[in-house]
Amino acid sequence: MVSIAINEGRANVAMLGIGAYRPRRIVSNAEVCEVLDSSPEWIFERTGIRNRRWISGDETLRSMAVAAGERAIVNSGIDRSKIGTLILATSSWLTLTPHGAPTVAFDLGINGIPAFDLTSGCGGFGYGLGVAADLIRAGSSEYVLVIGAETMTVGLDPTDRGTAMIFGDGAGAVVVGPSEDNGISPTVWGSDGEHAGSIMQDVDFLEYMHRAQRLQGTDPGVERVGRMSLRMAGQSVFRWAAVTLPRALSTALDLSGVAKEDIEVFVPHQANARINELMKKNLGLAEEIPMANDIENTGNTSAASIPLAIEEMLVSGKAKGGQLALLLGFGAGLSYAGQVVTLPPAPAEPSFTV
């Protein structure tokens with residue numbers, strides 16, 4: 001009988017380098033409230049957000065993804081010719097065909113490799129990281145570039161009190177590859193399609209696409225696309241999160257083989273500062289353990305939020321490369337993905353100045 005060959009992979013994988021891109025335009029709560037019926041104080045009290053980043057000028061999802069990916073490759077020290085796969089985690093690429101990853105790979109000078117989009121909302125980076133680690137363990141790729149990139153504000157309704165004050169734009173990326181010691185635990189992930197409508201787009205897709213195409217080359221800070229408005233049933237999402245996320249965090253720790261007391265950094269998705277504080281408390285993590293709070297000046301950047309938050313902690317010195325971190329992304333779907341990881345080295349080329 002003919003024997004079909006199999007790949008031989010590497011059991012130990014880790015994040016080897018990180019890169020990020022933050023849009024130039026900083027939008028304060030006061031500016032949001034020029035349109036939104038709210039106050040800067042109320043927004044900060046409810047969300048923990050003071051400022052957020054919005055694309056402007058020639059900034060696009062494509063340009064941000066490329067910039068973050070380039071920085072991750074440079075910071076990893078890996079020759080780009082060794083990158084075997086590119087995963088683009090995003091929910092805001094403007095076309096279904098062509099999808100974004102092949103274009104981003106071309107721009108990065110790694111054309112021809114397998115490159116695909118992964119759409120899983122705010123949990124997208126966690127899904128991408130899990131897929132990347134498993135690709136390497138299965139021998140399908142040696143090094144994988146995972147990029148989380150979003151332009152959440154392009155279709156934002158600036159008058160919607162449930163979303164307008166929350167979201168921002170940005171991109172974060174990591175190079176995942178073989179390592180001496182394992183730095184990425186098995187992924188804990190899941191979804192609840194019964195309540196998927198709690199976060200959804202209220203969209204006339206064809207009209208949205210035509211309008212988006214007409215706006216290509218204009219300043220998104222002046223005229224937003226509109227129509228593709230993201231709607232969120234906040235109370236429904238909160239109830240789901242209160243039941244699902246503590247269990248997911250506990251399972252992630254169990255599968256990692258790491259004790260809760262060994263966790264040195266907590267990096268939850270930057271959805272709401274109050275929710276994150278509650279998760280940390282309910283999980284019983286020590287008060288002195290640093291927790292990501294990139295949301296304060298970046299906002300909720302969906303699939304980009306976790307790599308952006310990691311980069312901010314490394315650049316500011318709140319965390320150090322090699323420390324054990326607990327990650328958890330969650331949101332649209334309703335879906336979630338979490339891992340225990342060792343943090344990559346601090347980036348030599350950061351996306352901002354401390």
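This is a predicted model: local features need pLDDT of at least 70, side-chain atom pairs count only at pLDDT 80 or more; totals for chains, interfaces and linings use all residues.
Let's start with a charged pair: Asp-58 and Arg-24 form a salt bridge whose closest N and O atoms are 3.2 Å apart. A salt bridge here is a side-chain nitrogen of Lys or Arg within 4 Å of a carboxyl oxygen of Asp or Glu. The two residues come from distant parts of the chain, with Asp-58 in the loop between β3 (51–54) and α3 (61–76), and Arg-24 in the loop between β1 and β2, 34 residues apart. Helices (H or I, at least four residues) and strands (E, at least two) are DSSP runs, numbered from the N terminus. Asp-58 counts as exposed at 62% relative accessibility, and Arg-24 is exposed too, with a relative accessible area of 52%.

Residues are numbered from 1 along each chain as its sequence is written, and side-chain values use heavy atoms, with hydrogens and water left out. As for pLDDT, the predictor's confidence in each residue from 0 to 100, the protein chain averages 88, and 85% of the residues score at least 70. One stretch to treat with care is residues 217–228, where pLDDT stays under 50. For that stretch the model has 36 contacts beyond four places in sequence, a contact meaning heavy atoms within 4.5 Å.

Now the overall layout. The protein chain has ten helices and 13 strands, and 56% of its 354 residues are buried. Of the contacts with a separation of 6 or more, 78% are between residues 24 or more positions apart.

Back to the charges. The salt-bridge count comes to eleven. Another of them joins Glu-311 to Arg-22, with the closest N and O atoms 3.1 Å apart. Glu-311 sits in helix α10 (residues 305–316) and Arg-22 in the loop between β1 (13–21) and β2 (25–28), so this pair ties together parts that are 289 residues apart in sequence. Both Glu-311 and Arg-22 are buried. They also belong to a network of salt bridges that links Arg-22, Asp-294 and Glu-311. Then there's Glu-296 with Arg-50, whose side chains meet in a salt bridge at 2.7 Å, N to O. Here Glu-296 is in helix α9 (residues 295–298) and Arg-50 in the loop between α2 (40–47) and β3, 246 residues apart. Arg-50 counts as partly exposed, at 40% relative accessibility.

On to the nonpolar interior. In soluble globular proteins, nonpolar side chains tend to be buried together. A nonpolar core is a set of buried Ala, Val, Leu, Ile, Met, Phe, Trp, Tyr and Cys residues joined through side-chain atoms within 4.5 Å. The largest one has 31 residues, and those with the most contacts inside it include Leu-86, Leu-88, Val-104 and Ile-147. At least two residues each are supplied by β1, α3, β4 (83–89), α4 (101–107), β6 (143–151) and β7 (169–178), and α3 gives the most to this core, with seven residues.

Strand β7 deserves a look of its own. Ten of its ten residues are buried. Strands pair if DSSP finds at least two bridges between them, and eight bridges join β1 to β7, which run antiparallel. Met-15, for instance, has Val-176 in β7 as its bridge partner. Eight bridges also join β6 to β7, again antiparallel, and Glu-150 stands opposite Gly-170 in β7.

Finally, the aromatics. The structure holds one aromatic pair, using rings of Phe, Tyr and Trp (its six-membered ring) with centres within 6.5 Å, where planes under 30 degrees apart count as stacked, over 60 as edge-to-face and the rest as tilted. Tyr-127 and Trp-189 make up this tilted pair, at 5.1 Å centre to centre and 45° between the planes. Tyr-127 lies in helix α5 (residues 124–137) and Trp-189 in strand β8 (residues 188–191), so the pair ties together parts that are 62 residues apart in sequence. Tyr-127 counts as buried at 17% relative accessibility, whereas Trp-189 is partly exposed, with a relative accessible area of 36%.

Methods
Buried means under 20% relative accessible area, exposed over 50%, partly exposed in between (1.4 Å probe, protein chains only).
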